[in-house]
Amino acid sequence: TALFGLVSPGDVVVRTSYDHNSVRRPAAALRERGAEERVVSGRPDGGIDLDEVASLLRQSPHAPRLLTLPHVSNVTGASLPVREMSDLAHEAGALVLLDAAQSAGHLPLDVEALGVDLLAFTGHKGLLGPQGVGGLWVREGVGVSPLLFGGTGSESGEATMPAAFPDHLEAGSQNGPGIAGLLAGVEWLAANGVAEVHSREMARKAELLALLEPLDGVEIRSPSAPDGGAIVMITSPNLAPAEMARRLESEHGIETRAGLHCSPGAHAALGTLETGALRISAGWATSRQEIIRVANALAMITAN
């Protein structure tokens, strides 16, 4: 909704190599319709070159319409310098869209401190809601054209979508059960504290990295990124990522995810584009005992 509602033919979109396909593919579709796409390079440490960001934003002949970036990469687990990138974008006259799918519920979020104009999130990850629900925060005064058109239950006599948000962007009946489930997750997070959840998840990540580091059969591909998400990406010289995932599930009852994780640019930055990698994620309920179990299982299946 945000990308198609903001970008027209001839406009410039600046995005990052870390983008999920939920951003990369709409950006490609906009390019086919006449928009210009500029992509900031990724790095093995999950970071970004702010000088390159500034250069792409100032590149002639067209000023950018939008800078879009992920708060936390779903591949590297690293967080990007959102405030610094937002300031550069605003200096160039661009709006800023933040993809908070991997950070909402995992990291404290303050749109004012981050300096963004729009923030998109999904409900089924860190916010602990069900699949099929999410949201888009839009700063007051930012115009976004609707992606879908239809009934809203308001301004029913008008042939156009209501001007007032959220009805302006919400056509049809909303997912009431999904919204109720999301509310339950948000209330739990509010009671327990997002900062506390993040601290606990980062402790589990640090423990896993320490246990995996000595293993000859495991190659850690993602950075430690203590300020990011609880994601560890690995490969093995002895097993393909898909085979590691299969054996972890079938032999040890451990769920992981292998592949490119809908973010080939991030894998290119890590050097795993050709092979993919195995992603291990810790959550709010992950225990130290479970981390030890994962490390022991990986030691067994990657030994030779």
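In what order do the 4 strands of the open sheet lie? Before I answer, let me say that this is a predicted model, in which local features need pLDDT of at least 70 and side-chain atom pairs count only at pLDDT 80 or more, while totals for chains, interfaces and linings use all residues. Residues are numbered from 1 along each chain as its sequence is written, and side-chain values use heavy atoms, with hydrogens and water left out.

The order is 7-8-10-9, with antiparallel pairing, where two strands pair if DSSP finds at least two bridges between them, and where strands (E, at least two residues) and helices (H or I, at least four) are DSSP runs numbered from the N terminus. At the edges are strand 7 (219–220) and strand 9 (257–259), each of which pairs on one side only. Strand 7 joins strand 8 (residues 231–235) in the antiparallel sense over 2 bridges, and I220 has I234 of strand 8 as its bridge partner.

Turning to helix 7, residues 194–212, we have 19 residues reaching 27 Å from the first C-alpha to the last, close to the 27 Å expected at 1.5 Å a residue, that expectation being 1.5 Å times one less than the number of residues. Its buried residues (under 20% relative accessible area, 1.4 Å probe, protein chains only) include V197, M202 and L209.

Helix 7 and helix 10 pack at about 25°, with axes 9 Å apart, the axes being lines fitted to C-alpha atoms over the stretch in contact, and angles running from 0 to 180 degrees between N-to-C directions. Helix 7 is therefore roughly parallel to helix 10, a term for angles under 35 degrees. The contact (heavy atoms within 4.5 Å) involves, among others, L208 of helix 7 and I291 of helix 10.

Conventions:
Buried < 20%, exposed > 50% of the residue type's maximum accessible area, 1.4 Å probe, protein only. Parallel < 35°, antiparallel > 145°, perpendicular 65-115°, else oblique.
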